[in-house]
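I set out to record what I looked up in this structure, entry by entry. Each entry takes one site or element and notes what I found there.

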Amino acid sequence: MDKTASSAAEATADIGDGASIAVGGFGLCGIPGTLVQALHTHGADGLRVVSNNCGIDDAGLGILLADDRITRITASYVGENKEFARRYLAGELEVELTPQGTLAERLRAGGCGIPAFYTPAGVGTQVADGGLPWRYAPDGSVAVASPPKEARTFDGRSYLLEHGITCDFALVHAVRGDRHGNLVFNKSARNFNTLAAMAGRITIAEVEHLVEPGELDPDEIHLPGIFVQRIVALTPAQTVNKQIEKRTVRA
């Protein structure tokens with residue numbers, strides 16, 4: 001089955017207002033920047049996003065956030081986006097902060113059809129007890145707080161019940177992919193892309209190099225095409241358009 005779309009605009013055209021979207025990447029590494037830009041141009045509003053972070057102020061998911069397109073985000077790291085912090089503290093954005101490993105496993109579980117699982121992460125903290133501010137009121141009070149989590153003891157150790165995550169759509173970035181949707185990620189750019197792709201009911205992948213079915217060695221495929229519904233081949237200009245979040249060089 002040929003899953004290629006003619007453009008990022010075509011691939012994201014049916015993402016409507018209020019959609020839930022899992023987005024791959026870590027910081028600016030491996031983010032589906034072209035798909036995010038197409039979604040921004042498309043104009044979908046009220047989005048509920050699941051991603052490790054929300055980009056930076058002028059890149060990645062940050063461009064959707066700046067235009068008030070995101071109403072809720074489930075994430076584990078949000079420290080590089082000043083607009084994110086401002087909106088959260090002003091009560092303009094609902095934020096579910098989740099331990100990073102737990103977020104990864106919630107996405108994987110959702111993709112595998114596992115509704116919930118137990119983990120020791122968060123035991124003895126507000127993650128377990130509830131009360132973490134999900135949304136602030138304009139006056140600074142807590143308008144919506146996290147609920148307490150169910151806990152059980154296994155072999156004398158406490159664990160929390162966490163629910164798997166599934167989303168209406170997923171946006172991911174791969175270095176190579178074929179027309180059947182099989183994907184290969186580039187080193188650390190694999191990060192949350194595999195997990196986000198699994199969690200999407202409709203997964204859209206942008207790929208730097210599109211190849212024909214059979215050209216990828218089965219042993220090098222990181223994500224099988226069963227998890228991917230649409231493929232967008234990036235242009236050379238889109239492929240090289242990669243920002244560095246924090247450039248560090250020797251003096």
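**Entry: Thr194.** I looked up the contacts of Thr194 and found that it touches Phe185, His222 and Leu223, leaving out residues up to four places away in sequence. I worked throughout on a predicted model. I located Thr194 in helix 7. I then asked: is Thr194 buried or exposed? Thr194 is buried, at a relative accessible area of 12%, because the limit for that class is under 20%.

**Entry: Phe185.** I listed its contacts, not counting residues up to four places away in sequence: His173, Ala174, Val175, Arg190, Asn193, Thr194, His222 and Leu223. I also checked the separation of Phe185 from Glu245, 60 residues apart along the chain, and recorded 19 Å between their C-alpha atoms.

**Entry: Lys187.** I stayed with the loop between strand 12 and helix 7, where Lys187 is also found. Lys187 has a phi near 50°, a positive value in a residue other than glycine. I noted for reference that most residues other than glycine have a negative phi. With a relative accessibility of 72%, Lys187 counts as exposed.

**Entry: Asp68.** I looked up a further positive phi in a residue other than glycine and found Asp68, with a value near 60°. Asp68 is placed in the loop between helix 3 and strand 4. I recorded Asp68 as partly exposed, at 41% relative accessibility.

I then inspected both ends of helix 4. At its start, a side-chain oxygen of Asn81 comes to within 3.1 Å of the backbone nitrogen of Glu83. Just after helix 4, Gly91 adopts a positive phi of about 80°.

**Entry: the nonpolar cores.** How many residues does the largest nonpolar core have? I recorded 31, and those with the most contacts inside this core are Ile15, Ile21, Leu39, Leu47, Ile73, Leu171 and Ile204. At least two residues of this core come from each of helix 1 (8-12), strand 2 (20-23), helix 2 (33-42), strand 3 (47-50), helix 3, strand 4, helix 4 and strand 11 (167-178). Helix 2 contributes the most to this core, with four residues. I found another core lying apart from this one, with 23 residues, among them Ala22, Ala174, Phe185 and Phe192.

I examined Ile204 separately. Leaving aside neighbours within four places in sequence, Ile204 has contacts with residues including Ala11, Thr12, Ile15, Leu35, Phe169, Leu171, Arg230 and Val232.

**Entry: strand 2.** I found strand 2 covered on both faces: Ser20 and Ala22 are buried on one side, and Ile21 and Val23 are buried on the other. Strand 2 and strand 3 run parallel and are joined by three bridges. For Ile21, I noted Val49 as the bridge partner in strand 3.

**Entry: the sheet 6-10-9.** I traced an open sheet of three strands in the order 6-10-9, with antiparallel pairing. Its edge strands are strand 6 (116-119) and strand 9 (151-154), each of which pairs on one side only. On average, neighbouring strands of this sheet are turned by 40° against each other, direction ignored. Between strand 6 and strand 10 (residues 157-163) I recorded four bridges in the antiparallel sense, and Ala116 has His163 as its bridge partner in strand 10. Helix 5 (residues 100-111) packs on the sheet, in contact with strand 6 and strand 10. I noted that the direction of helix 5 makes about 155° with that of strand 6.

Notes
Residues are numbered from 1 along each chain as its sequence is written. This is a predicted model: local features need pLDDT of at least 70, side-chain atom pairs count only at pLDDT 80 or more; totals for chains, interfaces and linings use all residues. Side-chain values use heavy atoms; hydrogens and water are left out. A polar contact is a pair of N or O atoms within 3.5 Å; within protein, one must be able to donate a hydrogen and the other to accept it, and residues adjacent in sequence count only if both atoms are side-chain atoms. Two strands pair if DSSP finds at least two bridges between them. Axes are lines fitted to C-alpha atoms, for helices over the stretch in contact, and angles run from 0 to 180 degrees between N-to-C directions. Contact means heavy atoms within 4.5 Å. A nonpolar core is a set of buried Ala, Val, Leu, Ile, Met, Phe, Trp, Tyr and Cys residues joined through side-chain atoms within 4.5 Å. Buried means under 20% relative accessible area, exposed over 50%, partly exposed in between (1.4 Å probe, protein chains only).
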